[in-house]
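Student: Could we go through a protein structure together, one question at a time?
Tutor: Gladly! Let us look at it first.

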Amino acid sequence: MASAQGIDAFALNFGYDSWQAGQMDSAYDAAASSGTGFKMLLSFDFTVLGCGDNNIITTNINKYKNHAAQLKDSSGNMWITT
């Protein structure tokens, strides 16, 4: 639906809530299996995450950096936002 409207990707804003990890997995997997080339990117919610919380930051970067639905630039670097 979104790709049919010219939207290329969704940013997934997340923090610490336990339910978020499963929803992010589902969103990435749905994008990858859609067959549309739709992408996802991580959006770290620093209103709840600490800037020095390296564990959640690196864990999620490492988890999704090679996912088929991860938005990347032309050099293959993943996009993330806050």
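The questions below move from the whole chain to single residues.

Tutor: Before we start, note that this is a predicted model, where local features need pLDDT of at least 70, side-chain atom pairs count only at pLDDT 80 or more, and totals for chains, interfaces and linings use all residues. Residues are numbered from 1 along each chain as its sequence is written, and side-chain values use heavy atoms, with hydrogens and water left out.

Student: In what order do the elements of the protein chain run from the N terminus on?
Tutor: Helices (H or I, at least four residues) and strands (E, at least two) are DSSP runs, numbered from the N terminus. The protein chain has 2 helices and 3 strands. Starting at the N terminus, their order is β-α-β-α-β.

Student: What radius of gyration does the protein chain have?
Tutor: This radius is taken over C-alpha atoms, and the globule rule is 2.2 Å times the number of residues to the power 0.38. The C-alpha trace spans about 35 × 30 × 20 Å along its principal axes. For 82 residues, a compact globule would have a radius near 12 Å, and the chain agrees with that, at 13 Å.

Student: What percentage of the residues of the protein chain count as buried?
Tutor: Buried means under 20% relative accessible area, exposed over 50%, and partly exposed in between (1.4 Å probe, protein chains only). Of the 82 residues in the chain, the buried ones make up 32%.

Student: Is Asn-60 buried or exposed?
Tutor: Asn-60 is found in helix H2. Beyond four places in sequence, Asn-60 touches Phe-14, Met-24, Leu-42 and Phe-44. With a relative accessibility of 11%, Asn-60 counts as buried.

Student: Which residue has its backbone oxygen 3.1 Å from a polar atom of the side chain of Gln-70?
Tutor: Gln-70 sits in the loop between H2 and strand E3 (80–81), and counts as buried at 3% relative accessibility. Leaving aside neighbours within four places in sequence, the contacts of Gln-70 include Tyr-28, Lys-39, Tyr-64 and Met-78. The backbone oxygen at 3.1 Å belongs to Trp-79.

Student: How far apart are the C-alpha atoms of Ala-69 and Ser-33?
Tutor: Ala-69 is also placed in the loop between H2 and E3, and counts as buried at 0% relative accessibility. Setting aside neighbours within four places in sequence, Ala-69 is in contact with Tyr-28, Ala-31, Ala-32, Phe-38, Lys-39 and Met-40. Ala-69 and Ser-33 are 36 residues apart along the chain, and their C-alpha atoms are separated by 8.7 Å.

Student: Which residue forms a salt bridge with Asp-25?
Tutor: A salt bridge is a side-chain nitrogen of Lys or Arg within 4 Å of a carboxyl oxygen of Asp or Glu, and the count by this rule is 1. The closest N and O atoms are 2.9 Å apart, and the partner of Asp-25 is Lys-63.

Student: Which helices hold the two residues, Asp-25 and Lys-63?
Tutor: Asp-25 is partly exposed at 26% relative accessibility, and Lys-63 is partly exposed too, at 43%. The pair ties together parts that are 38 residues apart in sequence, because Asp-25 lies in helix H1 (residues 19–33) and Lys-63 in helix H2 (residues 54–64).

Definitions and conventions
Contact = heavy atoms within 4.5 Å. Polar contact = N/O pair within 3.5 Å; in protein donor to acceptor, adjacent residues only side chain to side chain.
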